[in-house]
Amino acid sequence: MKLLFLIFCIFTISCSNEDKLNCESIELSSNSIHILAGEKRIVYILSDLEKFQMGLGLQSENPRIATVEPQNDSKAILITGNSVGNTSIYLRDLRNPDNFAEIEVISDYLSGKFIEKGDSSSTWINGGDLHIREIIESELKEIAKNRTGILYSFDKDTKAVEIDYSSSDYDNNKKAGTYEWDKDSLTLNFNNISKHGFTVVNDHAIIIVLDFTEKYKSKYPNASVKGAKIQCFLSAIE
C-alpha cells in the first residue's frame with residue numbers, strides 16, 4: 001500500500017516527456033538588481049536556451065523606470081535604469097508563457113561617498129588655435145591632477161552634499177550644501193547654484209563635468225574658444 005502511494009506521489013509531481021518544458025525554470029545570474037538611474041547592468045541567462053525552442057520574450061513592467069534588451073545572442077540581457085523608481089523585468093518562454101523569470105529592479109537616486117581620481121579624469125577642448133588648445137589642455141590636466149583626493153558625500157534622503165577638499169592639492173576647504181540630481185545632470189547649491197553634466201560609468205563610478213569655457217573665453221578673447229571642460233572621474237568608497 002505504501003509503495004502504491006509513493007508511486008502516485010511521484011507521478012503527480014513529475015513531468016511527462018511532452019510537458020517537460022513546463023517544468024523548466026529560467027535560471028538567471030541574478031533575480032534582483034540595485035542600480036543608479038542612468039546605469040546599465042548585464043544579467044546572464046544560465047539556462048540552456050535550446051530548451052526554449054521559440055526563444056525568450058523580454059518585457060519591462062515600466063519602461064520609464066528601466067528598459068531591457070537582449071545581448072550576446074540572447075545569452076544575456078542588458079538592463080538600463082532610466083529614472084528613479086522600482087519595476088520588474090520579465091523573461092517569458094514564448095512557447096509556454098506561464099514559464100517565466102522575474103528580475104526586480106531598483107533604479108535609485110544618487111547617494112553615497114566618492115573620491116575624485118585625477119589620473120582617470122579627462123579633458124575636452126573645442127575651438128581656438130592649436131597653440132591655445134595645448135595651453136588650455138595642459139592647465140586643465142594640472143587642475144584635474146590637483147583635484148585628486150577630493151571627497152564627496154551625497155545623502156539622498158536629506159539632499160545634503162558635502163565636498164571635502166582637504167585631501168587634495170586643489171583647496172583646503174569643506175563645502176556643505178544641497179544637491180538635485182538626474183541621470184544627466186547634477187545641481188549643487190553652496191550659496192550659489194551650479195549645474196554640471198553627469199554620467200554613470202558603472203555601479204561604482206560616476207563622472208561630473210566641470211565647465212571652464214567662460215574662463216578661457218575671457219582669458220583668450222581672440223582665440224575662439226568654444227569649450228573647455230574636465231570630466232572628473234569619481235570612484236565610490238565605503
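Strand β2 (residues 40-44) and β5 run antiparallel, joined by 5 bridges. Strands here are DSSP runs of E with at least two residues, helices are runs of H or I with at least four, and both are numbered from the N terminus. Two strands count as paired if DSSP finds at least two bridges between them. In this pairing, Y44 stands opposite A76 in β5.

You are looking at a predicted model, in which local features need pLDDT of at least 70, side-chain atom pairs count only at pLDDT 80 or more, and totals for chains, interfaces and linings use all residues. Residues are numbered from 1 along each chain as its sequence is written, and side-chain values use heavy atoms, with hydrogens and water left out.

Now stay with β5 for a moment. Strand β4 (residues 66-71) also pairs with β5, in the antiparallel sense over 6 bridges, and here Q71 has A76 as its bridge partner. The hairpin of β4 and β5 has 4 residues between the strands, and N72 takes a positive phi near 55° there.

How many of the residues of β5 are buried? The count is 6 of 6, where buried means under 20% relative accessible area, exposed means over 50%, and partly exposed lies in between (1.4 Å probe, protein chains only). In a regular strand the side chains alternate between the two faces of the sheet. In β5 both faces are covered: A76, L78 and T80 are buried on one side, and I77, I79 and G81 on the other.

Follow the chain onward to S83, in the loop between β5 (76-81) and β6. S83 counts as buried because its relative accessible area is 18%. The side chain of S83 reaches the backbone oxygen of R64 at 2.8 Å, a polar contact (a pair of N or O atoms within 3.5 Å; within protein, one must be able to donate a hydrogen and the other to accept it, and residues adjacent in sequence count only if both atoms are side-chain atoms). Leaving aside neighbours within four places in sequence, S83 is in contact (heavy atoms within 4.5 Å) with A37, R64, I65 and S107.

Next comes an open sheet of 4 strands, with the order β1-β7-β6-β3 and mixed pairing. Its edge strands, β1 (32-36) and β3 (56-60), each pair on one side only. For β3, strand β6 (residues 85-93) is an antiparallel partner over 5 bridges, with S60 opposite I89 in β6.

Finally, visit S25, in the loop between α1 (2-13) and β1. S25 counts as exposed because its relative accessibility is 54%.
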